[in-house]
Amino acid sequence: MSQGWKIVVMMVAAVGIVSTPLIWLLDNPDSGQLVAASVQGATGIAALGWALVQPPATPEPGPTDAAVDTGKANATAGGRASTGVRRPQGAGSGLVRAERTGDATADGSGSSAVTGVDYS
């Protein structure tokens with residue numbers, strides 16, 4: 001359960017524990033109202049206890065990008081060669097893996113070569 005939902009459930013439970021049973025009990029309740037106030041208070045306490053024991057939410061992992069056993073790559077005249085994984089400006093949220101990548105070579109002005117993870 002996310003932290004936000006946990007807080008909401010706890011607040012609603014606290015209001016349920018205190019508000020209506022208190023109002024009913026201050027108005028000279030009959031036996032039915034007394035039972036209803038007790039049930040409502042118990043329900044609020046149960047909801048509060050349930051929210052407190054919920055484990056924290058785990059974030060959803062993103063996709064895994066992998067480059068394994070890649071071949072050769074060549075870049076010339078301003079080109080880009082990559083034998084790994086490319087994530088521009090660190091885009092993506094999952095795991096990145098590059099193993100046994102091939103050779104990448106760059107020849108000429110403005111050319112680049114990467115054999116692994118490229119965050120540029």
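This is a predicted model: local features need pLDDT of at least 70, side-chain atom pairs count only at pLDDT 80 or more; totals for chains, interfaces and linings use all residues.

Author: Residues are numbered from 1 along each chain as its sequence is written, and side-chain values use heavy atoms, with hydrogens and water left out.

Reader: How many salt bridges does a search of the whole structure find?

Author: Side chains of opposite charge can pair when their charged atoms come close. A salt bridge here is a side-chain nitrogen of Lys or Arg within 4 Å of a carboxyl oxygen of Asp or Glu. The search of the whole structure gives 3.

Reader: Which residue forms a salt bridge with Asp69?

Author: Arg100 does, with 2.8 Å between the closest N and O atoms. The two belong to distant parts of the chain, 31 residues apart: Asp69 lies in the loop between β1 (65–68) and β2 (73–76), and Arg100 in the loop between β5 (96–99) and β6 (104–107). Strands are DSSP runs (E, at least two residues), numbered from the N terminus.

Reader: Is Asp69 buried or exposed?

Author: Buried means under 20% relative accessible area, exposed over 50%, and partly exposed in between (1.4 Å probe, protein chains only). Asp69 is exposed at 51%, and Arg100 is exposed at 55%.

Reader: Which side chains does Glu99 meet in salt bridges?

Author: Glu99 pairs with Arg97 at 3.0 Å, N to O, and with Arg100 at 3.5 Å, N to O. Glu99 is partly exposed at 27%, and Arg97 is partly exposed at 38%. Salt bridges link Asp69, Arg97, Glu99 and Arg100 in a network.

Note on methods: Helices (H or I, at least four residues) and strands (E, at least two) are DSSP runs, numbered from the N terminus.
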